[in-house]
Amino acid sequence: MKKICMIALFAFAVLLYTHPVYSKNSPAEECVKNFYTWYITEDLKQDAPFRDPLDNPDIYKYVDHCTVNNIRIFYERDYIDVNYFTKSQDLWKEWLDDLVIHKEIKLTETVSIVPVSFKFTDEVS
């Protein structure tokens with residue numbers, strides 16, 4: 001009986017150790033949340049030395065150099081006329097509270113998609 005209890009206790013401990021904690025975000029989810037928080041805050045700064053977040057060197061903490069350069073080209077050539085990261089014309093400070101980072105979707109061991117949405121509880125005017 002003692003042996004069965006020890007095996008059951010060990011199995012329970014292993015399950016607890018390997019069971020994911022759903023309240024904790026994955027590193028990819030945290031990175032996306034940090035990026036959008038930084039990006040929206042940076043875009044809303046009126047007196048920032050870099051008015052456009054794409055011009056701020058801090059963007060390279062989150063976005064690859066080639067991607068940033070391609071986005072700049074898209075804007076210069078009028079391929080896109082909305083904010084590349086939010087798919088909107090304007091950004092609002094209320095979006096920081098309405099930011100929803102969804103569960104990470106792992107495509108491979110090194111590639112993930114992290115959907116982002118805004119819960120818009122109140123209409124922004």
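The questions and answers below concern a predicted model.

Q: Why is Thr-86 called buried?
A: Thr-86 has a relative accessible area of 12%. Buried means under 20%, so Thr-86 is buried.

Q: What makes the pairing of Thr-86 and Ser-88 a polar contact?
A: The side chains of Thr-86 and Ser-88 approach to 2.7 Å. The cut-off for a pair of N or O atoms is within 3.5 Å, and therefore this pair counts as a polar contact.

Q: Where is Thr-86 found, and with which residues is Thr-86 in contact beyond its neighbours within four places in sequence?
A: Thr-86 is in the loop between helix H3 (65-76) and helix H4 (95-98). The contacts of Thr-86 are Tyr-36, Leu-91 and Trp-95.

Q: Why is Leu-44 called partly exposed?
A: Leu-44, in helix H2 (residues 27-44), has a relative accessible area of 27%.

Q: How do you know that the span of H2 agrees with what its residues should give?
A: At 1.5 Å a residue, the 18 residues of H2 should span 26 Å. The end C-alpha atoms of H2 are 26 Å apart, so the two values agree.

Q: What do the buried residues of H2 pack against?
A: They pack against H4, strand S1 (99-101) and strand S4 (116-118). Among the buried residues of H2 are Phe-35, Trp-38 and Glu-42.

Q: Why is the pair Lys-45 and Glu-42 called a salt bridge?
A: The closest N and O atoms of Lys-45 and Glu-42 are 3.3 Å apart. The limit is within 4 Å, so the pair qualifies. Lys-45 is partly exposed at 36% relative accessibility, whereas Glu-42 is buried at 5%.

Q: What makes Lys-61 and Asp-58 a salt bridge?
A: Their closest N and O atoms are 3.9 Å apart, and the limit is within 4 Å; therefore this pair also counts. Lys-61 is exposed because its relative accessibility of 61% is over 50%.

Q: Why does Ile-105 count as partly exposed?
A: Ile-105, in strand S2 (residues 105-106), has 42% relative accessibility, so Ile-105 falls between 20% and 50%. Ile-105, Leu-107, Val-111 and Ile-113 make a nonpolar surface patch of about 340 Å².

Conventions
Residues numbered from 1 in each chain as written. Predicted model: local features only at pLDDT ≥ 70, side-chain atom pairs only at ≥ 80, totals over all residues. Heavy atoms only, no water. Helix = DSSP H or I, 4+ residues; strand = E, 2+ residues; numbered from the N terminus. Buried < 20%, exposed > 50% of the residue type's maximum accessible area, 1.4 Å probe, protein only. Polar contact = N/O pair within 3.5 Å; in protein donor to acceptor, adjacent residues only side chain to side chain. Contact = heavy atoms within 4.5 Å. Patch = residues over 30% accessible without salt bridge, like charges linked within 9 Å, V, L, I, M, F, W, Y side chains within 5 Å. Areas by Shrake-Rupley, 256 points an atom, 1.4 Å probe, with all protein chains shown as cover. Salt bridge = Lys/Arg side-chain N within 4 Å of Asp/Glu carboxyl O. Expected span 1.5 Å × (residues − 1).
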